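Visitor: Hi! Could you walk me through this one? I'd like to start with how you use your terms.

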Amino acid sequence: MIEYLLTVLLGVFAGMVTGITPGIHINLIASIALAISTHFDPILLCVFIVAMSITHTFLDFIPSVFLGAPEDDGNALSVLPGHRLLMKGYGYGAVKLTLMGSLYGLLLAIVILPLYMLVVKNIFDVIKFSVPFVILSISFFMIAKEEKKLIAMLVFLFSGLLGILTFNFKPIAQPLLPLFTGLFGLPLLFLSIKNKTKIKNQKVAELKLSKKEKIRPLLAGLFSSTLVSFYPAVGSGQAAIIGSEIIGKLNTKEFLVLVGSINTIVMLFSFVTAYAIGKARSGSAATVMQIIKDISIEAIFLFVIVAVVAGIMSFFICNSLAKIIARKIKKINYLTLCLLVFLFVISINIFVSKIWSIFVLACGFFIGLIANTYGIKKIHMMGCLVIPTIFFYF
């Protein structure tokens with residue numbers, strides 16, 4: 001038992017590092033774990049990956065809110081509402097809302113887990129033929145909602161072309177790292193530097209939610225996460241848009257709760273989906289499937305317990321870290337910090353994905369700048385996954 005507890009603690013620590021450090025993603029650590037898997041107990045290694053992955057979904061909103069440097073599509077959507085609250089002095093409050101969404105979403109997901117497993121096992125064979133049509137329909141629906149539809153379509157198509165080139169260019173290791181860094185992270189950091197963003201004094205105070213404001217985004221997050229978990233290339237970002245469409249217009253506070261819940265639920269469901277239908281819907285789940293060729297129901301039960309323990313620990317850790325950062329950030333030169341992070345993530349990409357990643361970073365950077373300049377939703381840049389997936393099915 002003690003070895004399992006120590007492994008969970010190690011996973012939580014790794015998730016803290018990947019969560020708060022822009023450019024260090026869980027897929028990178030998971031790939032290292034896979035490389036050394038022959039030297040360790042496979043179950044313990046998977047426990048480490050699950051704990052790290054769940055922790056990451058809690059902690060990664062800190063750089064999203066305070067720096068505007070998202071790791072992936074899930075928390076990329078939190079940047080604008082999170083930044084709006086940061087500029088009003090409520091950066092901590094924004095992070096706390098995502099934490100509430102993550103923890104309550106995790107607990108709600110576990111309640112419906114038996115039903116989810118039953119449903120996904122029985123309907124996947126029916127819906128798998130609809131995969132390319134559904135993910136394309138979701139993308140077109142989101143484009144149709146934009147005022148500048150042509151620009152949104154171009155952003156979607158250019159992102160898709162970049163995704164195809166990146167995934168098929170063998171010298172680039174860990175292709176998702178430069179893709180997401182270039183499209184979502186670097187443009188926002190650059191704009192913060194260019195606009196000489198100044199941070200107000202931060203209030204270490206929670207943003208109050210009514211009972212309705214808590215329930216609506218959690219139910220929307222649970223429903224949309226369940227829906228998108230069946231489909232590849234449809235992740236947390238699309239789930240957030242779908243959830244907000246289903247439940248009705250959400251205010252900024254509700255939307256952050258929604259995004260937080262979806263990020264964690266989708267990660268948990270990815271491990272369950274790997275067991276139920278043998279399909280990975282996240283890099284972490286794919287690694288677990290490679291380490292344990294045949295995932296058992298006992299393993300899933302263990303992973304759920306690990307997820308709960310890691311989630312509760314992460315909630316308190318992230319809450320404390322967000323308070324410290326909120327108190328100290330005014331004393332830090334924000335422009336210098338953004339510049340250092342900008343250079344750091346480029347260095348990480350070159351180190352991990354090699355020198356050719358510069359090409360991906362540059363292309364993604366300009367696509368991201370177009371989206372930001374014209375006020376296009378960042379979700380359209382998920383064409384980098386959607387279009388390659390569609391080509392794979394056809």
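Guide: Happy to. Buried means under 20% relative accessible area, exposed means over 50%, and partly exposed is in between (1.4 Å probe, protein chains only). This is a predicted model, where local features need pLDDT of at least 70, side-chain atom pairs count only at pLDDT 80 or more, and totals for chains, interfaces and linings use all residues. Residues are numbered from 1 along each chain as its sequence is written, and side-chain values use heavy atoms, with hydrogens and water left out.

Visitor: Good. So is F365 buried or exposed?

Guide: F365 is buried, because its relative accessible area is 13%. F366, on the other hand, counts as exposed at 51% relative accessibility.

Visitor: Stepping back, how many helices and strands does the protein have?

Guide: There are 19 helices and 0 strands, taken as DSSP runs numbered from the N terminus (H or I of at least four residues for helices, E of at least two for strands). The radius of gyration is 19 Å, close to the 21 Å from the globule rule for 394 residues, so the protein is as compact as a globular protein of that length. That radius is taken over C-alpha atoms, and the rule is 2.2 Å times the number of residues to the power 0.38.

Visitor: And what box do the C-alpha atoms fill?

Guide: Roughly 55 × 45 × 45 Å, along the principal axes. Of the 394 residues, 57% count as buried.

Visitor: Back to rings. How many aromatic pairs are there?

Guide: The count comes to 7 aromatic pairs. Rings of Phe, Tyr and Trp (its six-membered ring) pair if their centres lie within 6.5 Å; planes under 30 degrees apart are stacked, over 60 edge-to-face, and the rest tilted. Y116 and F269 are stacked, because their centres are 4.1 Å apart and their planes at 5°.

Visitor: Where do Y116 and F269 sit in the chain?

Guide: In distant parts of it: Y116 is in helix α8 (residues 113-127) and F269 in helix α14 (residues 252-277), 153 residues apart. Both Y116 and F269 are buried.

Visitor: What about F365 and F366 as a pair?

Guide: They are edge-to-face, at 5.4 Å centre to centre with 70° between the planes. Ring pairs also link F365 and F366 with F190 and F342 into a cluster.

Visitor: Which ring does the charged end of K203 sit over?

Guide: The ring of Y90, 4.8 Å from its centre. For that label, NZ of Lys or CZ of Arg must be within 6 Å of the ring centre and within 35 degrees of the ring normal.

Visitor: New topic: which residues make the nonpolar surface patch?

Guide: L150, L154, F158, L161, L165, F169, I355, W356, I358 and F359 make a patch of about 980 Å². Patch residues have over 30% relative accessible area and no salt bridge, with nonpolar side chains (Val, Leu, Ile, Met, Phe, Trp, Tyr) joined within 5 Å and like charges within 9 Å. A salt bridge here is a side-chain nitrogen of Lys or Arg within 4 Å of a carboxyl oxygen of Asp or Glu.

Visitor: Which helix gives the largest share of the patch?

Guide: α10, with 5 residues. Both α10 (149-167) and α18 (357-373) supply at least two. L150 lies in α10 and is exposed, at 61% relative accessible area.

Visitor: What's the phi of K354?

Guide: Positive, about 75°, although K354 is not a glycine. K354 is in the loop between α17 (334-353) and α18, and is partly exposed at 44%.

Technical notes
Areas by Shrake-Rupley, 256 points an atom, 1.4 Å probe, with all protein chains shown as cover.
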